[in-house]
Amino acid sequence: MLRALKTFGQGILWAVLLPFILVGIAVVGVFGIADFLIEFVIMIINFFRGKKLFPIYPEDQKAYDILKRAIDKQNGELETPVAPQPQSVYVQQNFYSAPPQSPFPMPPSGSLPQGNPQMQIPPTYVQGQIPPGYPQQQLPPAYQQPQPQQLPPVVDEPVRPELATLPTFDASLHGKTDSIEIDIHSEDDNR
Amino acid sequence: MNVFAGIQFSETDKKALIILLILLVIVILIIGLIGVAVRATMHYQAKRADAMMHDVAVTRVIDNPKSFRRFGLKKSNRALFRDSLLPFVVLAATILLWVIWNLFVERWGESVFSISDELFIHIKWDNSQYPADDPLFVRVFGIYIFARWPEAVEGYPTFKVENLVAYIVAFMYVVVIVWYAIICQAYLARFFRIERLSRSIYEKSLEGFKAQQEINIVPDKPLPPSE
């Protein structure tokens with residue numbers, strides 16, 4: 001009974017709305033004729049341009065590409081080589097977290113991540129100072145440019161005279177590419 | 001002052017009034033059922049708008065209500081064209097058939113609906129064809145309502161083979177009109193669905209939000225700030 005009453009109420013509502021719906025359908029019908037003509041002209045133009053009659057909208061194409069990439073990535077089909085990302089290692093953090101026994105220590109498990117051990121040289125090393133906690137090492141003395149008067153005099157004489165008459169090598173291909181003939185003779189042979 | 005104090009109903013009037021009320025209730029119930037059916041079909045047709053707009057909304061290609069409405073209407077217009085293509089082709093074929101038929105029978109001035117009217121029963125709706133003391137319609141409070149069942153029949157259904165093409169053409173016209181009306185109704189359903197989705201999808205609601213609670217932001221492309 002309640003359902004019938006509900007349907008009765010909806011009937012009254014629809015009876016009131018029916019003229020508006022019919023007007024809406026009529027308006028859409030007229031609009032649809034205009035839309036049909038416009039779309040038909042577009043379709044004909046696309047046909048004579050050699051395109052698809054109903055080409056995909058750019059927004060749909062973009063969405064399709066995004067979805068395709070996501071699906072390929074999920075399936076592991078899109079494995080392009082990725083350049084290694086530079087590790088942002090904080091040298092200062094490594095220095096303070098490193099034990100003082102060795103300049104390249106291995107951290108105990110469970111400690112803070114250390115990153116690349118080769119990066120654990122403290123930044124103060126280049127300044128010629130050893131930070132506290134590191135073993136004292138002899139650092140090479142800084143190279144100094146010698147003064148001109150400190151250079152040894154240049155002697156203009158051959159150090160090894162026998163090297164002046166070294167044999168020379170005359171190599172020619174003679175049109176062959178698979179073997180090379182080498183003629184070995186010295187300056188004495190030419191004389 | 002009681003307006004209805006002077007109105008006296010006979011037993012026949014009371015029966016007629018009860019029958020009239022029952023008929024009214026039945027008619028409204030039928031309209032209600034038709035409305036429920038129309039609403040259900042509109043819900044079904046509106047689902048197509050969801051299928052049209054799903055990908056661009058999920059991938060954030062369209063990220064604001066205005067673009068959503070514009071793109072939705074663009075796609076809906078194309079869908080309207082594609083849907084109405086077949087009925088228009090049928091309509092063109094029907095018109096061609098009517099032209100070819102008229103080239104042979106030379107009945108250009110006659111309406112195919114008038115010709116097809118002979119397939120149905122004809123009832124006398126003219127009040128002057130009934131006796132004055134027993135009219136078909138009576139005027140009650142300025143409104144004409146039925147006073148009796150129409151009993152006179154002008155003609156019975158007849159079928160003529162020479163009018164067969166006119167029957168077919170009239171039937172195809174009706175089919176195309178109903179078909180096109182359903183397509184227009186589907187367009188209306190999509191239009192309202194797109195309007196509602198454009199408001200609900202990009203809605204930012206503060207319902208139930210407390211400033212003290214932790215912010216849980218999904219690491220994804222955020223929606224643009226609202227206007």
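**Burial and fold of chain B**

I looked up burial in chain B first: of its 227 residues, 16% count as buried (20 or more other C-beta atoms within 10 Å of the residue's own; exposed is 12 or fewer, partly exposed is in between, and C-beta atoms are placed from the backbone). This is a predicted model, in which local features need pLDDT of at least 70, side-chain atom pairs count only at pLDDT 80 or more, and totals for chains, interfaces and linings use all residues. I number residues from 1 along each chain as its sequence is written, and chains are lettered from A and ligands numbered from 1 in the order in which they are written.

I noted a mean pLDDT of 85 for chain B, with 91% of its residues at 70 or more; pLDDT is the predictor's confidence in each residue, from 0 to 100. The model's ipTM is 0.73 and its pTM 0.61.

I found four helices and four strands in chain B, in the order α-α-α-β-β-β-β-α along the sequence. Helices (H or I, at least four residues) and strands (E, at least two) are DSSP runs, numbered from the N terminus.

**Contact with chain A**

I read off 27 residues from chain B and 24 residues from chain A in the contact (C-beta atoms, placed from the backbone, within 7 Å). On the side of chain B that touches chain A, H1 (11–58), H2 (65–105) and H4 (164–200) each supply at least two residues. H1(B) gives the largest share, 11 residues.

**Helix H1 of chain B**

I checked the length of H1(B): its 48 residues should span 70 Å at 1.5 Å a residue, and the end C-alpha atoms, 69 Å apart, agree with that. The expected span is 1.5 Å times one less than the number of residues. I then located a kink of about 35° centred on Met52(B); the bend is the angle between axes fitted to the seven residues ending there and the seven starting there.

Met52(B) is also among the buried residues of H1(B), as are Ile31(B), Gly35(B) and Val56(B). The buried residues of H1(B) pack against H1 (2–48) and H2 (58–75) of chain A, together with H2 and H4 of chain B. After H1(B) comes Arg60(B), with a positive phi near 65°.

**Leu119(B)**

I placed Leu119(B) in the loop between H3 (112–116) and E1 (122–123) of chain B. Leu119(B) is partly exposed, since 14 other C-beta atoms lie within 10 Å. Leaving out residues up to four places away in sequence, I found Leu119(B) touching Pro157(B), Phe159(B) and Tyr167(B). Leu119(B) and Tyr167(B) are 48 residues apart in sequence and 8.7 Å apart in space, C-alpha to C-alpha.

How values were computed: Two residues are in contact if their C-beta atoms, placed from the backbone, lie within 7 Å.
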